[in-house]
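Open the model in your viewer and keep the selection tool at hand. We will go from stop to stop, and at each one you will hear what to pick and what is there.

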Amino acid sequence: MTKLTVNGQEIEVDASPDMPLLWALRDKLGLTGTKYGCGIAQCRACTVHIDGEAMPSCQIEIGDVGASEITTIEGLGEDGSHPVQRAWVSGNVPQCGFCQSGMVMAAVALLEKNPNPTDEEINDEIVNICRCGSYSRVRAAIHQAAAEMQKG
Amino acid sequence: MTKHDKIVLSRRGFLSAAIGTAGAVAFNLTIPAPAHAAAEPVELHSWVVIKPDNRVAVRIPQVEMGQGCTTALAQYVMEELDLDPVQTDWEYYDPATNQARDNVYVHTATLASFGMEMLFMPMRTAGAQIRAMLVQAAATRLGVDAGSLSVEGHAIGDGSASVSFAEVAADAAALSVPQGVSVKDPSQWKVIGKPLDRVDAFSKSTGQAVYGMDLQMEGMKYAAVKQSPVYGGKLISFDFDAIKDMPGVIKAVAIKAGPTGYTVPPTLWDIIDWEMDDAVAVVADTWWEAQQALNALPITWHEGRHRATSTDSIEADLGAALDAGGMVVRNEGDVETALQDAAQTVEAEYHYPYLEHAPMEVMNATALVDGINVEAWAPTQYGDEALRIAAYAAGITTIRAKFHMTLAGGGFGRRLHNDYVSQAVQVAKQMKGTPIKLIASREECLARSYYSPIMTARFKGGVDADGNVTAWKSHSAQGRSVLQPYGMTRTVFPFANINVQYSSVEDTPLPFAWMRGVGHTQNAWMNHGFMSELAAAAGMETVDFHLKHLRTDAVAEDRADKDDAIARIKRFQRVYDHVLSKAGPAQEQGKGRGRGVAVYDMSYVPGFHSSCIGIAVDLRLEDGDVKLERVTASVDCGLAVNPQIIEAQIQSGIMFGLSNAINGKITIADGKVEQSNFDSYDILRLGEAPQMDVHIMPSEEKVPAGIGEGAVPVVIGALVDAVWNAGGPRIRRLPVRDHDLTLRG
């Protein structure tokens, strides 16, 4: 049994400690909003927050998480009220949508560090793959969410 | 401490989770159930379901893989029934029902950008018929003449009395479907042509959207799969004892990789693919445990006759086919004499690599074989075929089979093949009563897929002293594929002397797939690139040279397709003018700055109805690399059903084409694919994406043309011109990043 703190809840997971967090979330806890796309930290569809930092959950063994707080897309709130999610919906960002959980988590972490990022800063921080090519709308939605969050 | 239970649904609740969550619209309103409403949802004329709470679900016979069909196709029915967008849901058509009702859903394969056009009349007609049925039922209920009633807000009334759709749905369903019902005149449209928001934006921004990979069932186990790494290989043995004590491991089974999934029974050219190769699946409690055990499983393969095949050997075979001469698919005038008489001639050889679609969601399917029944779930572009394949793999009749489509995390043509459905059913057949979710790793997806075929083409052209093309000759040779010379034969330019030859080298190991842009991608890019080479030989600017040859007066009088040829030339001229004006003046060309412009229409045959798209690419060559700055697109797509989705689709096609052309290649060594994951098969990232400005051209047409693929072929032509105009190399082989991109001396 490995103890994890997921979306504010302490949970015991019956899996070997070397299981990647991604698969513990999906196959052991049923939190399927976090996606598998490559398993080698290239596509970032599996992005979650570990103590607020955007991390690829495919690269983190559950035995190494310890008491760190894990936040998944489900933990942002099921009502979709986070300003980043609101900007995503109003901007019609998703196409196939499979990468968008990871995109949203990466964008939320970016805006928490940097409330008003420039295009260059977005380029450096948002390295998730979107095969549908939603990048223009992702960029626009990040700027919109930044403006909303600064209004408070 | 709380023990977090895995979220599991009973089988009964399973489907509603899979479909209901995906189909819910962004703003669920709670509508009180009307007094006389039926307690159960009522299906009307196969196409809509009216629910007790008066919400209406529209049946969608295409897969939602990002292209927005669940929003845009629903607009057809919403228009005829005057549905309220916030009270409208969608659900997938059922393939078994479609089979039982003689293809009532008309067009169920999601391919060739056909969906919006093929379903334009059928879905509006169905909507109008359902409206007439509801109105007739309401007239009977209210005791008034049907002609006095109007429809608004999911209710039917005459000002003094009204009934809701839900109240009369059951009565309407008992009526026969009226024939000869008119659809609305376009002047009455309120929904068609409007940029409705995507119905799936909310579920996909909150992690609630359920893709095939996300399905969960009580007692479900997970399978990881590996096919022979060499194409044509056979399984000799594997040693389950070596992995049986690994965590979570349950079983290892030998299966077949499955049929191609596009044609059952197989046509001649699919025979090599029909049973494909042997494969091994490992079943475990979680997918990661299954994959870890599969990685550790000792497997002995007989590699077969392709074990020494490489990209070089395949290209040598293509070269030999080109040397031998091909099937003449177009011949007008006398090209050999014209070449002899030309002031100068130019020759070039172009190369296009194998490519894989790489949708973000890997191939997966869930299956349950229970007694004499089979039930399967998967993201697929062809649900009817998936149903047949599930039944075939289970060894039972399709009458005992059920297949359910799920949301798809991309497709791009890969999911026209249902090999993964076959694989999941074969595993489930060996574990009767246990639901099996089979997932192929990204590595497996790249190593064993169906590929956009490799192609080499040789060109020879002649130019006279005034810079007119007087002779055009091409011969293209493709690896195993369906016959697709259309991109070469369908050049828009009315050359007086033209000879086009085509060869297909069938004994190449990689199985064929259509990929977004299909054979137009290889051919249109090469044709465009060689035309630009002739421009350089004539000493002209590339755009001026292309425009100079768009001459309606040069179309031969005796051409059978004369009217079509002239109409296409005029359309290309309009689109060139539009995109050039929207792109504005180009910066000074050369010294690292370049613009390329191309126009194309993906026309397969004379009279084919398609979108015509013009694209201007502005880029820099800097530090030996390409930096995309801006892409301007002009889109003539006829009726624009949902302009905001069209904009997204054009941007998507631009990025797909650019990513493939700049980075993409699948290569073979020792009979195996060399690329294993996104580290060796990279996709353009946000920081590499250009600014994209999409302009939908005004159109008088009242019929939509497809927009899913059209940007892909055209953007590559514009890209390679831009590289040349910036002072970079002439790109005759993709991908672009395989070239030395330093400026010419």
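On this tour, two residues are in contact if their C-beta atoms, placed from the backbone, lie within 7 Å. Keep in mind that this is a predicted model.

**Stop 1: the domains of chain B**

Start by colouring chain B by its domains: domain 1 (11–205), domain 2 (212–305 + 358–447) and domain 3 (518–734). Now look at where domain 1 of chain B meets domain 2 of chain B. Here 18 residues of domain 1 of chain B are in contact with 24 residues of domain 2 of chain B. On the domain 1 side, select α1 (11–23) and α3 (95–100) of chain B, the elements that give two or more residues to it. Which of the elements gives the largest share of that side of domain 1 of chain B? That is α1(B), with 5 residues. If you colour this side of domain 1 of chain B by class, you will find 11 nonpolar, 5 polar and 2 charged residues.

**Stop 2: the domains of chain A**

Move over to chain A, where the assignment gives domain 1 (2–76) and domain 2 (83–151). Taken over C-alpha atoms, the centres of these two domains of chain A are separated by 21 Å. Between them, 16 residues of domain 1 of chain A are in contact with 14 residues of domain 2 of chain A. Pick out β3 (47–50) and β4 (53–56) of chain A, which are the elements giving two or more residues to the domain 1 side. The most come from β3(A), which gives 3 residues. By class, that side of domain 1 of chain A holds 7 nonpolar, 6 polar and 3 charged residues.

**Stop 3: the largest nonpolar core**

Next, select B:Ala376, B:Ala390 and B:Ile615. Of the 287 residues in the largest nonpolar core, these three touch the most other members. Then zoom in on B:Ala376. Leaving aside neighbours within four places in sequence, B:Ala376 has contacts that include B:Ala390, B:Phe403, B:Val421 and B:Val425.

**Stop 4: B:Ala320**

Finish at helix α10 (residues 311–324) of chain B, where B:Ala320 lies. Is B:Ala320 buried or exposed? B:Ala320 counts as exposed, because it has 12 C-beta neighbours inside 10 Å, and a residue is exposed if that number is 12 or fewer. Now draw a C-alpha to C-alpha distance from B:Ala320 to B:Val505: the two are 185 residues apart in sequence and 9.6 Å apart in space.

Conventions
Residues are numbered from 1 along each chain as its sequence is written. Chains are lettered from A and ligands numbered from 1 in the order in which they are written. This is a predicted model: local features need pLDDT of at least 70, side-chain atom pairs count only at pLDDT 80 or more; totals for chains, interfaces and linings use all residues. Helices (H or I, at least four residues) and strands (E, at least two) are DSSP runs, numbered from the N terminus. A residue is buried if 20 or more other C-beta atoms lie within 10 Å of its own, exposed if 12 or fewer, and partly exposed in between; C-beta atoms are placed from the backbone. Domain bounds come from an automatic or database domain assignment. Ala, Val, Leu, Ile, Met, Phe, Trp, Tyr, Cys and Pro count as nonpolar, Asp, Glu, Lys and Arg as charged, and the others, Gly among them, as polar. A nonpolar core is a set of buried Ala, Val, Leu, Ile, Met, Phe, Trp, Tyr and Cys residues joined through C-beta atoms within 7 Å.
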